[in-house]
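Hello,

Here is the structure I said I would hand over. Please look through it first; my notes follow below.

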Amino acid sequence: MKVAVLQFPGSNCDQDALKALREDVGVQAEYVWHNDGSLSGFDAVFVPGGFSYGDYLRCGAMASRSAIMQETIRFANEGRPVIGACNGFQILTESGLLPGALLKNEKQKFVCKNVELEAVNQTSIWTSGVNKTISLPIAHGEGRYVIDTDGLKRLQDQNQIAFRYVENPNGSVDNIAGVVNEKGNVLGLMPHPERATKELLGGNDGLLILRALSLVNA
Amino acid sequence: MPRVRVYVTLKPALLDSAGRTVTSSLQHLGFEEVNDVRIGKLIHLEVEKVEEARIKEMCQKLLANPVIEDFSYEVIG
């Protein structure tokens with residue numbers, strides 16, 4: 001298993017992700033730069049958090065139109081595992097790989113704390129190992145998940161809600177913290193699993209999500 | 001060279017939390033007549049030639065996110 005950690009100008013969780021994947025999940029991981037990189041030889045993609053392209057226009061808007069994201073869309077459509085956390089989640093919704101969008105937090109405040117998450121979908125590759133309420137850090141100003149009424153119903157009916165906040169920190173509709181695509185191979189979430197992979201970091205619940213990468217045969 | 005003004009606004013059904021904060025700030029400054037503020041974007045384009053279909057395409061593909069935003073535009077000169 002070799003994971004591509006995408007890098008855009010303004011990514012800032014790329015190093016955390018690479019280190020967590022290599023040291024704590026125990027898989028191979030390499031950076032892939034946004035405009036000259038390739039996913040050839042990789043088995044999964046991690047889209048890290050940060051402020052890609054300065055969050056110009058909208059969070060994730062510019063990054064989602066980059067060359068590496070066009071390749072990531074093809075990669076995801078082949079059913080291969082893709083995860084995006086925080087700005088990575090915003091990039092995945094902007095690219096159309098995941099439904100909905102992320103707006104400024106309801107209370108306009110940047111929230112930075114640990115939150116409790118209830119695992120809703122427990123069948124996707126990303127969530128099947130999460131069998132309890134987990135605690136992960138969040139750090140975002142634009143994490144309010146929105147989707148229209150029909151879209152929300154589809155998410156609920158098709159079991160695409162991956163995680164719900166136990167206490168809603170940002171005004172997200174239906175307390176949604178993360179969603180998966182229809183096939184379940186693409187996960188986007190505002191919390192940071194890569195920042196919770198060992199006790200030294202204050203907890204290791206992130207491994208329950210990321211260990212999917214060490215279980216996939218590749 | 002022709003210029004185009006593109007206006008991008010959050011869909012009316014969505015809460016504009018920044019607009020709400022500005023509403024409250026204006027009211028605190030004594031502008032009690034203000035009931036609501038919604039903040040959008042104004043984007044100036046300078047183009048070789050105006051082709052409305054292509055301007056719409058730019059809006060749909062990048063300048064606005066149809067999931068959350070509406071757009072309109074006007075051609076100037």
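**Contacts between the chains**

Between chain A and chain B there are nine residue pairs in polar contact, both residues at pLDDT 80 or more; a polar contact is a pair of N or O atoms within 3.5 Å, where within protein one must be able to donate a hydrogen and the other to accept it, and residues adjacent in sequence count only if both atoms are side-chain atoms. On the side of chain A that touches chain B, the elements giving two or more residues are α2 (61-64), β5 (101-103) and β8 (144-146); helices (H or I, at least four residues) and strands (E, at least two) are DSSP runs, numbered from the N terminus.

The model is predicted: local features need pLDDT of at least 70, side-chain atom pairs count only at pLDDT 80 or more, and totals for chains, interfaces and linings use all residues. Residues are numbered from 1 along each chain as its sequence is written, chains are lettered from A and ligands numbered from 1 in the order in which they are written, and side-chain values use heavy atoms, with hydrogens and water left out.

In total, 16 residues of chain A are in contact (heavy atoms within 4.5 Å) with 17 residues of chain B. The rule finds one salt bridge across this interface, a side-chain nitrogen of Lys or Arg within 4 Å of a carboxyl oxygen of Asp or Glu. R58(A) and E69(B) form a salt bridge, with the closest N and O atoms 3.6 Å apart.

**Cysteines**

There are zero disulfides over all chains (cysteine sulfur atoms within 2.5 Å). The sulfur of C13(A) has its closest cysteine sulfur in C86(A), 6.2 Å away, which is too far for a bond.

Regards
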